[in-house]
Amino acid sequence: MHFDTFIPAFILFAVIGLILPIVLSNIAEKGRNFTQEPEAAADSPATAEEASVYEQIGGAAAVDAAVDVFYRRVLADAYVVHFFEGVDMEKQAAKQNAFLTMVMGGPHNYTGKDMREGHKHLVKMGLNDTHFDHILMHLRATLAELGVPENLIQTIIGVAESTRDDVLNR
Ligand code: HEM
């Protein structure tokens with residue numbers, strides 16, 4: 001399948017070799033903050049509640065890594081890969097990156113279509129709940145692979161879940 005060659009090897013190596021260790025150490029450090037005693041958390045004003053999910057997972061570097069890992073998983077999934085045939089995955093990754101950044105409370109750089117418009121033609125191709133579930137499963141697995149704490153994974157999955165009816169055009 002030609003998507004196998006779509007993500008050049010150097011990007012994978014960059015993600016695995018360079019970005020991932022940075023992201024993981026960043027997240028590990030933040031993870032320690034989440035487990036602080038309540039008194040200790042009260043001492044420092046910049047507690048987890050005040051930081052956006054975007055900041056908590058490690059900002060731009062973490063979202064970049066997440067989008068790369070996410071699409072690697074999605075394009076390896078025979079159940080959904082046909083929806084992505086002919087799609088420019090570089091542009092797609094950039095849109096997905098900007099969208100995820102925005103919904104997680106980071107900078108608003110998303111200028112793509114709304115979710116209903118962006119997926120209407122896919123619904124005509126048969127896109128349904130089972131495909132949506134696969135995408136959520138890949139998102140969850142990606143975040144877990146990057147070491148994002150479970151409470152943040154749940155928040156992010158909740159945001160993604162809230163787009164279901166729009167994505168499925170109903
Ligand atoms: C969690 C739910 C989802 C989110 C947040 C999401 C996000 C996005 C975004 C931001 C775009 C760019 C829209 C634009 O063109 O401006 C997009 C396009 C696209 N999405 Fe999704 N998506 C979701 C679910 C799905 C599902 C379930 C599939 C298929 C299995 C899918 C397949 C695609 C494809 C193929 C495109 C490119 C369409 C094209 O350019 O022809 N998405 N999505």
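Which helices each supply at least two residues of the shell around the ligand? In this predicted model, the helices in question are α5 (89-103), α6 (115-124) and α7 (129-145). The largest share of the shell comes from α5, with four residues. In total, 20 residues surround the ligand. The closest are Phe 99, Gly 112, Lys 113, Gly 118 and Ala 160. By class, 11 residues of the shell are nonpolar, seven are polar and two are charged.

The protein chain is built from nine helices and zero strands. Along the sequence, its pattern reads α-α-α-α-α-α-α-α-α. Of the 170 residues in the protein chain, 21% are buried. Contacts between residues at least 6 apart in sequence were also examined. Among these, 79% join residues at least 24 apart.

The largest nonpolar core holds 20 residues. Within this core, the residues with the most contacts are Ala 62, Ala 66, Val 67, Phe 70, Leu 143 and Leu 146. Four helices, α3 (53-57), α4, α7 and α8 (150-161), each supply at least two residues of the core. The most comes from α4, which gives nine residues.

Helix α4 spans residues 59-75. Its 17 residues reach 24 Å from the first C-alpha to the last, close to the 24 Å expected at 1.5 Å a residue. The buried residues of α4 are Ala 62, Val 63, Ala 65, Ala 66, Val 67, Asp 68, Val 69, Phe 70, Tyr 71 and Val 74. One of them, Asp 68, is buried in α4 and belongs to the charged class.

Tyr 71 lies in this helix, α4. Why does Tyr 71 count as buried? There are 21 other C-beta atoms within 10 Å of Tyr 71, and the cut-off for a buried residue is 20 or more. Beyond its neighbours within four places in sequence, Tyr 71 is in contact with Met 89 and Ala 93. Tyr 71 and Thr 142 are 71 residues apart in sequence. In space, the C-alpha atoms of Tyr 71 and Thr 142 are 9.3 Å apart. Thr 142 is one of the buried residues of α7.

The buried residues of α7 pack against α4 and α8. Among them, Leu 143 touches Ala 66, Val 148, Ile 153 and Ile 156, with residues up to four places away in sequence not counted. Ala 66 is itself buried in α4. Leu 143 and Ala 66 are both among the residues with the most contacts inside the largest nonpolar core. Just after α7, the backbone at Gly 147 takes a positive phi of about 80°.

Notes
Residues are numbered from 1 along each chain as its sequence is written. This is a predicted model: local features need pLDDT of at least 70, side-chain atom pairs count only at pLDDT 80 or more; totals for chains, interfaces and linings use all residues. The expected span of a helix is 1.5 Å times one less than its number of residues. A residue is buried if 20 or more other C-beta atoms lie within 10 Å of its own, exposed if 12 or fewer, and partly exposed in between; C-beta atoms are placed from the backbone. A residue is near a molecule or strand if its C-beta atom, placed from the backbone, lies within 6 Å of it. A nonpolar core is a set of buried Ala, Val, Leu, Ile, Met, Phe, Trp, Tyr and Cys residues joined through C-beta atoms within 7 Å. Two residues are in contact if their C-beta atoms, placed from the backbone, lie within 7 Å.
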